[in-house]
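Subject: Structure handover

Dear colleague,

Here is the structure for your files. Please open it alongside this message, as the notes below refer to it.

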Amino acid sequence: MSRIAHTQKTSDVNIRILPELKAEAERVFGYHGLTLPEAVTVFIKHACRVGGFPFDLRGAPYTDLESMEALNEAYSLMNDPNAKKFNNVKSLFEECLKDNND
């Protein structure tokens, strides 16, 4: 269990956000083992530590849940001994074309 979850809380912070945004945030942070309040605490602690936003606000790329799931699938395939492996792109394309002709 994270250290944040065991820290005694003495203040409340209330925010209003769209329900869809809250649900997506809970999925994203849950993937990393954090609740939404824990993730907010991490953000605030880090912002205080660096003296501002802990990331660049100039159009940082947005990673959606679908992209994260695709990355997880790619990592799983990399570690799957039964998954097809290719040494180069040409071999990959040849295999794709062979599968389409079957």
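This is a predicted model: local features need pLDDT of at least 70, side-chain atom pairs count only at pLDDT 80 or more; totals for chains, interfaces and linings use all residues.

Overall picture

The protein contains five helices and zero strands. The protein has 102 residues, and 11% of them count as buried. Its accessible surface is about 9,200 Å², with 57% of that area belonging to carbon and sulfur atoms. As for how the chain meets itself, take the contacts between residues at least 6 apart in sequence: 39% of these join residues at least 24 apart.

Helix H3

Helix H3 covers residues 36–50, which makes 15 residues. Its length can be checked against expectation: at 1.5 Å a residue H3 should span 21 Å, and because its end C-alpha atoms are 21 Å apart, the two values agree. Four residues of H3 are buried, namely Leu36, Glu38, Ala39 and Ala47. After the helix comes Gly51, which has a positive phi, near 80°.

Tyr31

Tyr31 lies in helix H2, which runs over residues 19–31. Setting aside neighbours within four places in sequence, Tyr31 is in contact with Met68 and Asn72. Met68 is 37 residues from Tyr31 in sequence, and their C-alpha atoms are 9.4 Å apart in space. With Asn72, the link is a polar contact between the two side chains, at 2.4 Å.

Glu95

Glu95 sits in helix H5, residues 89–101. Its relative accessibility is 17%, and therefore Glu95 counts as buried, the cut-off being under 20%. Which residues does Glu95 touch, not counting those up to four places away in sequence? They are Lys84 and Phe86.

To go through the two residues in the viewer, start with Tyr31 in H2 and its side-chain contact with Asn72, then turn to Glu95 in H5 and its contacts with Lys84 and Phe86.

Regards

Key:
Residues are numbered from 1 along each chain as its sequence is written. Side-chain values use heavy atoms; hydrogens and water are left out. Buried means under 20% relative accessible area, exposed over 50%, partly exposed in between (1.4 Å probe, protein chains only). Contact means heavy atoms within 4.5 Å. Accessible areas come from the Shrake-Rupley method with a 1.4 Å probe; for residues, only the protein chains shown count as cover. The expected span of a helix is 1.5 Å times one less than its number of residues. A polar contact is a pair of N or O atoms within 3.5 Å; within protein, one must be able to donate a hydrogen and the other to accept it, and residues adjacent in sequence count only if both atoms are side-chain atoms.
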